[in-house]
Amino acid sequence: MPKTPETQLTAPICELFTSAQGEGLLVGVRQVFVRLRGCNLYCCYCDTPQARTTDAPCNIEDDPGSGRFTQRDNPVSVGQLLEIIDSQVQADGGIHHSIALTGGEPLLYPEYLYALASALQQRSQRIYLETAGHLPEALAKVLPAVDYIARDWKLPSTLNEPLDMSQQTRFLDLAQQRQCFIKMPVTDNISEEEVHQALRAISEVTRAVPLVLQPVTPGVGGCRPPDVQTLLEWQAVASKHVGDVRIIPQCHPLIGMR
Ligand code: SF4
């Protein structure tokens, strides 16, 4: 691969593997997952705490879907990662729907992400970005090279400190330029007030972006999901603000999938 300033950019990678998407509107599609290291938030339901640290090796799946991994040093350059993704896609017969860029928080590395995503798009890959949805300046840099955006809307009670609402709405305003949906993880501890506040903020930007109420997976981080009746009530309330509101739990833990 020819060396350019873009292919020599580096970032800490947690893992690269093949699986089916386990959350949100595209649940079930086959993806290569690139999980970047590092996160500047702390969510009570975090299911990838191993990705929060930047000071650890990178794990690359040996064969797509095998669950066997080989470690390599971090950081990893864009050029090195492209070669690994190329070989994974080829080994899997090119059946992937898209490449999922996830974390941690991938938007902590906007220049790296843009270089990687635009090179992958030039290889006819579609880019699916999973993000907490609180870094609009970083999204603006990456947006031209992104096809799908799965952005969280994190309620204050699920975080160690609340996010700036204006950053979240600015992010949504940009994200709606792509195929986008909002994932709102919900626990049995959320308040009516914080849900209403979030729904008002979302609907002031758009009513057209689908909203997924995602009950947290029981036991992860000590969180519990709301009961079914509460979930259905939230769906009814949210439907007054947003056109398409769905209840979709995390599916991958149900069958032990990554
Ligand atoms: S943003 Fe993601 S990686 Fe960071 S703490 Fe929350 S769930 Fe974990």
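Start by selecting valine 186 and proline 215: valine 186 stands opposite proline 215 of strand E11. (Helices, H or I of at least four residues, and strands, E of at least two, are DSSP runs numbered from the N terminus.) This is a predicted model, in which local features need pLDDT of at least 70 and side-chain atom pairs count only at pLDDT 80 or more, while totals for chains, interfaces and linings use all residues. Residue numbers start from 1 along each chain as its sequence is written.

Now widen the selection to strand E10, residues 179-186, which runs parallel to E11 and is joined to E11 by five bridges; strands pair when DSSP finds at least two bridges between them. Follow the chain from E10 through helix H5 (192-205) to E11, and you trace a right-handed β-α-β crossover. Right-handed means that, with the strands pointing away from you, the path from the first strand over the helix to the second runs clockwise.

On to strand E12 (245-247), which pairs in parallel with E11 over three bridges. Pick arginine 246 there, the bridge partner of valine 212.

Finish with proline 75, in the loop between E5 and E6. The peptide bond from asparagine 74 to proline 75 is cis, with omega near -5°.
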